[in-house]
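Hi,

Here is the structure I promised to pass on. Have a look, and my notes on the charged pairs follow below.

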Amino acid sequence: MNRILPLKFAVRMLARHQPPDSNAIDYWEFAHTLAGEAREFGALLEHQDLSQEKERGEGLAVAFPTGKDAQKAAERYRNLFVGSYRSDGKQLGALPLLKLVTLRREGDSLSIGLTRAGVKFAELDNPSLESSDFNTPLGEKEVNFYLGHILQDVPGEVQAFKLILSALSSGKTRREEVNEAISNIYPKWTPPMVNTQRTGAMSRMFELGLFAKEKVGVTVRYTLTSMGMEFLGRGS
């Protein structure tokens, strides 16, 4: 899970389709409807990314289901972002893990519903959704909500962010150096696993404004922002 904007879009659509007098709706019906809406919105974001000449991997359309194979793109978006329910009852995917939705199985039926945090996140204005502002993925209130929410309810996300922020604050400003810092904490992780986890976490952190990027030749240097420094000291 490498972006927050696709999560925001999913909870906004769930809030739109979930009746006020119900705490859940059919998972598969929602997943099918969301796939089409996310693909359409992703195409709009891709157009904006091209018009603004954003670099590969830096656009707002990243992680939306816009691939050539619509079915595969929709399945990936659903599994990674919306969530899935395993036979042992474990809920996987970004939205359940971030405690923004809950999946419920009753017999052969599977439902999905927003948590209180999910409702709050869905209600907050988003630049591209409300104002057609495609310069930034998240608004200030969304950023503040997300950071406050994970500090309270998602310790794993906080741990990942603070590990990387600590590395940056100690002068490890390049990708390889951050990977090394993660490997020192998780020595059993393979290099590809370390790189995958770092890439996803740092993509989310960049959306939140916790660090800045500076291109130096063919490499990229990371530097903490004031918001990143503040978050590093919160809850410690």
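Glu-157 is buried in this predicted model, because its relative accessible area of 8% falls under the 20% cut-off. And which residue does Glu-157 form a salt bridge with? That would be Arg-204, with the closest N and O atoms 2.8 Å apart. The two sit in distant parts of the chain: Glu-157 belongs to helix α8 (residues 155-169) and Arg-204 to helix α10 (residues 191-207), 47 residues apart. Arg-204 counts as buried too, at 8% relative accessibility.

Lys-8 and Glu-142 make a salt bridge through their side chains, at 2.7 Å from N to O. Lys-8 is in helix α1 (residues 5-17) and Glu-142 is in helix α7 (residues 140-153), so this contact ties together parts that lie 134 residues apart in sequence. Are these two buried or exposed? Lys-8 comes out as buried, with 0% relative accessibility, and Glu-142 is buried as well, its relative accessible area being 0%.

Then there is Arg-175, which pairs with Glu-176 in a salt bridge whose closest N and O atoms are 3.2 Å apart. Arg-175 counts as partly exposed, because its relative accessibility is 40% and that class runs between 20% and 50%.

As for the total, the search of the whole structure turned up seven salt bridges. The ones I have described here are among them: Lys-8 with Glu-142, Arg-204 with Glu-157, and Glu-176 with Arg-175.

Cheers

Conventions
Residues are numbered from 1 along each chain as its sequence is written. This is a predicted model: local features need pLDDT of at least 70, side-chain atom pairs count only at pLDDT 80 or more; totals for chains, interfaces and linings use all residues. Side-chain values use heavy atoms; hydrogens and water are left out. A salt bridge is a side-chain nitrogen of Lys or Arg within 4 Å of a carboxyl oxygen of Asp or Glu. Helices (H or I, at least four residues) and strands (E, at least two) are DSSP runs, numbered from the N terminus. Buried means under 20% relative accessible area, exposed over 50%, partly exposed in between (1.4 Å probe, protein chains only).
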